[in-house]
Amino acid sequence: MEFAELIKTPRVDNVVLHRPFYPAVEGTLCLTGHHLILSSRQDNTEELWLLHSNIDAIDKRFVGSLGTIIIKCKDFRIIQLDIPGMEECLNIASSIEALSTLDSITLMYPFFYRPMFEVIEDGWHSFLPEQEFELYSSATSEWRLSYVNKEFAVCPSYPPIVIVPKSVDDEALRKVATFRHGGRFPVLSYYHKKNGMVIMRSGQPLTGTNGRRCKEDEKLINATLRAGKRGYIIDTRSLNVAQQARAKGGGFEQEAHYPQWRRIHKSIERYHILQESLIKFVEACNEQTHNMDRWLSKLEASNWLTHIKEILTTACLAAQCIDREGASVLIHGTEGIDSTLQVTSLAQIILEPRSRTIRGFEALTEREWLQAGHPFQQRCAQSAYCNSKQKWEAPVFLLFLDCVWQILRQFPCSFEFNEHFLIMLFEHAYASQFGTFLGNNESERCKLKLQQKTMSLWSWVNRPNELSKFTNPLFEANNLVIWPSVAPQSLQLWEGIFLRWNRTSKYLDEAYEEMVNIIEYNKELQAKVNILRRQLAELETEDGMQESP
Amino acid sequence: MEHIRTTKVEQVKLLDRFSTSNKSLTGTLYLTATHLLFIDSHQKETWILHHHIASVEKLALTTSGCPLVIQCKNFRIVHFIVPRERDCHDIYNSLLQLSKQAKYEDLYAFSYNPKQNDSERLQGWQLIDLAEEYKRMGVPNSHWQLSDANREYKAAICRCSQPLSGFSARCLEDEHLLQAVSKANPVNRYMYVMDTRPKLNAMANRAAGKGYENEDNYSNIRFQFVGIENIHVMRSSLQKLLEVSGTKGLSVNDFYSGLESSGWLRHIKAVMDAAIFLAKAIMVENASVLVHCSDGWDRTSQVCSLGSLLLDSYYRTIKGFMVLIEKDWISFGHKFSERCGHLDGDPKEVSPVFTQFLECVWHLTEQFPQAFEFNEAFLLQIHEHIHSCQFGNFLGNCQKEREELKLKEKTYSLWPFLLEDQKKYLNPLYSFKSQRFTVLEPNTVSFNFKFWRNMYHQFDRTLHPRQSVFNIIMNMNEQNKQLQKDIQDLESKIKRHKNKQTDGILTKELVHSVCPESPTLKTSLCFKEQTLLPVNDALRTIEGSSPADNRYSEYAEEFSKSEPAVVSLEYGVARMTC
């Protein structure tokens with residue numbers, strides 16, 4: 001297919017762009033296969049480049065022959081284009097609609113994007129499972145790498161390489177896979193070096209109504225327990241939902257068959273409930289005219305912060321089991337690709353200092369989200385302005401980022417990255433020139449040959465130029481476990497994401513700059529004092545030498 | 001001391017306010033003439049000033065003892081369990097007596113002695129001088145006699161109480177005065193009259209022979225209601241807010257629906273909107289504004305002082321803010337003693353009017369982080385002292401009463417103490433250059449108003465961020481000043497050395513001109529980089545904090561192994577009362 005077929009009018013003059021808090025810009029609108037571009041004639045710096053894939057929804061309306069297209073983006077920005085000429089406007093609108101909803105992944109921009117920067121380190125090879133495993137293997141010999149899923153035959157949503165207990169062989173893993181939803185047998189998610197406890201994750205056990213059991217499954221998870229120790233299974237569904245799942249062949253671990261494990265049910269919402277929550281939340285934030293009562297009731301009705309609290313609470317509980325109880329944890333919900341990953345990755349943010357560094361967080365995203373099979377393509381297909389009501393669309397990853405932001409707010413010196421880093425990840429998960437978030441799992445990414453055909457996001461981020469934008473000037477390595485407060489009074493609206501386009505942040509940005517200046521100045525002064533001290537010491541020794549030759 | 005029957009009780013438990021599992025600290029409770037003191041087993045001291053106590057409650061006896069709940073005006077809530085009912089009863093009765101004084105003379109300010117002599121005391125009182133302030137504003141001038149005006153504009157803010165107009169009464173003198181006010185402004189012919197009450201309330205007042213200005217009788221006025229609720233509505237609003245935020249195991253939805261139904265943020269927004277209206281009338285239209293409510297000492301004070309703060313950057317400095325409080329609150333007769341319940345009086349006169357003003361200021365500091373010389377701790381400290389009765393500034397209900405009490409002779413002024421401690425209250429991001437002459441135009445879209453956690457939960461350590469960016473930057477700023485001094489010192493020392501050496505070269509040929517790199521010099525290059533100042537490590541100490549603090553689950557009891565003692569939290573304002 002040629003993009004040209006979809007672009008009926010590639011270029012319109014005298015288009016006026018309206019953005020909140022900016023003066024209107026008049027210019028020429030151009031459509032390319034992947035971008036909507038508006039450049040003003042007066043000044044070439046005034047250019048808007050918008051990826052079609054960032055467009056969530058469009059509205060059009062006409063007054064006489066003047067058409068208006070309102071473009072709502074997946075990053076929650078809303079812009080308006082006034083286009084003279086009804087036909088041009090209709091053409092542009094239908095082209096945008098077609099180009100922003102291409103159904104073939106290989107037509108997406110990452111397959112066409114050629115980087116303008118020098119690649120220092122190929123991000124596709126930055127976080128290999130073997131390397132990640134090495135970090136553990138120095139501390140324990142109880143785990144091994146398994147290649148049982150090499151061909152994606154045992155579990156289509158797992159990567160080719162996973163970490164499992166050493167005492168369990170591949171044959172047993174194959175059997176366990178048939179007993180777990182989507183073939184997702186329990187694998188290692190996190191090893192707590194301090195006490196050797198682990199977080200594992202999996203899909204739900206397929207016990208069904210007649211209480212089916214699987215000896216290998218029991219053996220596998222028991223293999224992670226020390227003698228006489230108990231573990232915890234955190235089910236991210238309510239007991240009720242878990243019980244209902246039995247009717248569809250799913251279920252949960254029966255106490256009788258897993259006597260060394262204690263099961264805890266913590267309900268975390270999923271699917272359309274989250275999507276609706278996001279839609280309501282963004283709608284509330286976008287409305288400037290709400291009076292106070294209406295704003296607060298909209299905020300409450302969206303339930304967004306309730307979801308944040310649920311997820312954080314469960315992650316804290318898992319971390320508490322590991323660090324305070326000295327007990328290992330297995331985490332799953334139904335499929336083990338949404339709430340499960342929110343909990344395992346947030347528990348690591350709490351427990352593991354490395355995951356609070358830039359590279360560590362990238363590794364975490366790679367390990368616990370991309371390789372763990374969170375279906376980004378499906379979940380991030382649409383954002384807050386869409387009303388497609390597809391079950392598979394859900395802001396699961398955004399909720400995770402929001403939770404990380406909440407912890408970052410409470411421990412502002414313990415993270416190497418800043419808020420902009422999280423915002424950047426949110427943007428790229430929904431629309432990007434990089435291939436990193438394409439596809440739903442490793443198997444799909446492999447078939448798409450993303451490594452060969454697209455650029456990795458990490459290749460771009462991990463260059464000094466970019467890193468400097470994402471580095472937290474206050475960072476000071478903190479090797480402790482950090483326990484966030486989950487009280488409603490402590491949770492906040494993430495203004496950097498949700499109010500980003502709804503107000504000017506001029507004064508806040510200036511204050512941030514001033515803060516950075518103070519920190520930089522402090523470093524400069526420290527360095528200067530050190531140099532002067534050294535000089536003085538040298539002079540003093542010289543003097544001493546002269547006086548006593 | 002006659003009220004104190006028991007001065008010391010041992011084995012008292014202090015319960016964690018939000019804990020669902022009855023987590024507690026055990027320690028000893030002491031009762032002094034001015035304070036209640038609890039020292040726990042880690043020797044951590046909790047001081048509570050008797051005047052800060054808003055209510056004491058004795059709950060039903062339990063197996064572990066007799067519960068005593070104390071709520072303070074600075075939003076501290078403590079829950080003790082006293083082992084013997086008898087002791088609990090004694091303390092309860094003593095506190096009831098001690099926290100409610102009948103006479104001004106029994107308040108702490110009249111016995112507080114910071115070891116200053118009379119002239120120091122007097123100097124303290126003269127620190128903030130209103131006549132000086134009017135001079136600064138440029139009045140009296142050819143248009144104004146001593147009254148209230150704004151410096152940069154010809155337009156002025158004036159204030160009064162409601163007219164006693166009833167349904168038809170007029171007062172020609174009043175009409176003339178307003179006309180004179182209007183004429184005093186050479187730029188604009190009309191003036192605004194702002195009635196800060198909801199229209200309904202103002203109309204109801206007419207039946208009592210009071211009311212509002214009739215536009216027909218006054219030439220050139222534009223009349224405007226701005227709808228700020230009365231003191232009774234505000235009092236119960238805060239009460240609801242505190243009930244909600246004090247709930248154990250609060251859910252997000254209950255928090256927000258409680259926040260909404262309390263109406264608190266709605267009231268804050270109303271005050272802010274009124275101040276913005278006032279500032280705009282003056283700045284954009286160059287029109288003078290007369291502000292009143294019913295009596296002219298509550299809502300009027302809020303609106304006039306906030307309006308001034310928006311218009312004049314002087315009031316955004318530490319000293320200027322003190323002047324503003326002296327001018328628009330103290331001298332214009334805000335009834336501090338009644339509103340803060342300093343004496344045992346009518347509970348219906350108590351109202352958080354001044355607290356609302358401080359909260360509005362806090363909201364401004366959030367939107368304009370560089371526009372204020374002072375920081376949040378300053379606001380919290382002032383709030384602490386409107387209730388502490390430790391200083392004379394806020395005692396009494398009007399200027400007349402204050403003079404009768406001879407406050408300037410018998411008590412101390414708060415301001416010099418705050419100024420002395422200025423470092424603690426400085427905003428490190430303050431930029432007087434860029435914003436000095438600008439008028440603040442805050443955005444009052446509802447989403448800009450937030451629950452002021454650092455005020456209403458100032459004693460609830462676990463709810464706050466465990467590391468404070470603000471404190472770190474504040475320290476760093478202080479450290480930078482010290483470093484600059486160090487650099488000067490070092491440079492002058494080096495210069496002296498060099499001079500000495502040059503002298504040396506002149507007198508005798510230098511040995512090491514042959515071998516400039518002496519071995520000692522090489523080793524000295526390996527000097528370890530020194531950290532210079534002891535950076536206040538406590539401030540950066542990371543609180544690992546404890547998960548049990550945060551009540552992640554009902555499984556807490558199973559997880560309740562002994563927690564390590566928690567490191568001191570950087571938050572929490574140093575208190576002068578201690």
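## Briefing: chains A and B of a predicted model

Of the 578 residues of chain B, 55% count as buried, where buried means under 20% relative accessible area, exposed over 50% and partly exposed in between, using a 1.4 Å probe and protein chains only. This is a predicted model, in which local features need pLDDT of at least 70 and side-chain atom pairs count only at pLDDT 80 or more, while totals for chains, interfaces and linings use all residues. Residues are numbered from 1 along each chain as its sequence is written, chains are lettered from A and ligands numbered from 1 in the order in which they are written, and side-chain values use heavy atoms, with hydrogens and water left out.

**Chain B overall**

- Chain B has 22 helices and 11 strands; helices (H or I, at least four residues) and strands (E, at least two) are DSSP runs, numbered from the N terminus.
- Among contacts (heavy atoms within 4.5 Å) in chain B between residues at least 6 apart in sequence, 72% join residues at least 24 apart.

**Annotated spans**

- An unreviewed UniProt entry gives "domain: Myotubularin phosphatase" for residues 123–498 of chain A; UniProt positions are in the numbering used here, feature names are shortened, and annotations may be inferred rather than shown by experiment.
- That span of chain A is 44% helix and 9% strand, and its end C-alpha atoms lie 29 Å apart.
- For chain B, UniProt lists a "coiled-coil region" at residues 473–500, again from an unreviewed entry.
- Residues 473–500 of chain B are 100% helix and 0% strand, with 40 Å between the end C-alpha atoms.

**Helix H8 of chain A**

- Helix H8 (residues 292–302) of chain A has as its buried residues Met292(A), Trp295(A), Leu296(A), Leu299(A) and Ser302(A).
- They cover an arc of only 130 degrees around the axis, which puts them on the same side of H8(A); the arc is that of the directions from the helix axis to the C-beta atoms.
- An α-helix has 3.6 residues a turn, so residues three or four places apart point the same way.
- Both chains supply packing partners for the buried residues of H8(A): helix H7 (272–286) and helix H9 (304–323) of chain A, together with helix H7 (252–262) and helix H8 (264–283) of chain B.
- At the start of H8(A), a side-chain oxygen of Asn291(A) comes to within 3.2 Å of the backbone nitrogen of Asp293(A).
- Just after H8(A), Asn303(A) has a positive phi of about 65 degrees.

**Two buried loop residues**

- Gly183(A) sits in the loop between helix H4 (170–179) and strand S10 (187–192) of chain A, and at 9% relative accessibility it counts as buried.
- Leaving aside neighbours within four places in sequence, Gly183(A) is in contact with Val154(A), Cys155(A), Tyr158(A) and Ala177(A).
- Arg197(B) lies in the loop between strand S9 (191–195) and helix H5 (199–206) of chain B, and is buried with a relative accessible area of 0%.
- The side chain of Arg197(B) makes a polar contact with the side chain of Asp195(B) at 2.6 Å; a polar contact is a pair of N or O atoms within 3.5 Å, where within protein one must be able to donate a hydrogen and the other to accept it, and residues adjacent in sequence count only if both atoms are side-chain atoms.
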